[in-house]
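Please look through the sequence and the 3D structure shown here before reading on. The paragraphs below go with them.

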Amino acid sequence: MTKYSRKPVVVEVVKWEGDFFVNGKDTEPSFVNESLEEETLFFGNQGKLYVVTPGTPHMLCPVGCHIIKDDQGEVYLCEPDVFAQTFEEVCDA
């Protein structure tokens, strides 16, 4: 059996905290704005955030979940425990 490891891929991430304002500042990254315009993300009843992923039903984004835009431009959700095991922060040079 041959073993493989994942190639490192840099993704954009924002943690959903119920809104995009922290201490009165807008923390919404540009990819979220683009996703809202493209309707890949949308707000439903009572301000709940949903993600539309091709081939799957609309997914509710629970508070604490991470919204990820990958290197292919796909936007998806990642639970906090999976995120912690899979990703580490990359410092811009």
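What follows takes up the pocket and then the cysteines.

This is a predicted model, in which local features need pLDDT of at least 70 and side-chain atom pairs count only at pLDDT 80 or more, while totals for chains, interfaces and linings use all residues. Residues are numbered from 1 along each chain as its sequence is written, and side-chain values use heavy atoms, with hydrogens and water left out.

The largest pocket holds about 670 Å³ of space; a pocket is an open set of points on a 1 Å grid over the protein atoms alone, where a 1.4 Å probe fits, with protein on both sides within 12 Å along at least five of seven lines. Its lining, meaning residues with an atom within 4 Å of a point, is made of 20 residues, of which V9, V10, V11, F87 and E88 are the closest to the centre. Two or more lining residues come from each of β1 (12-15), β8 (75-78) and α2 (80-86), and α2 gives the largest share, three residues.

Turning to the cysteines, how many disulfides does a search of the whole structure find? The search finds zero, where a disulfide is a pair of cysteine sulfur atoms within 2.5 Å. For C61 the closest cysteine sulfur is that of C65, and because the distance is 4.7 Å, the two are too far apart for a bond. Both cysteines are buried (under 20% relative accessible area), since C61 has a relative accessibility of 3% and C65 has a relative accessible area of 1%.

Notes: Grid points are joined across faces, edges and corners, and a volume is the space filled by probe spheres set on the points. Helices (H or I, at least four residues) and strands (E, at least two) are DSSP runs, numbered from the N terminus. Buried means under 20% relative accessible area, exposed over 50%, partly exposed in between (1.4 Å probe, protein chains only).
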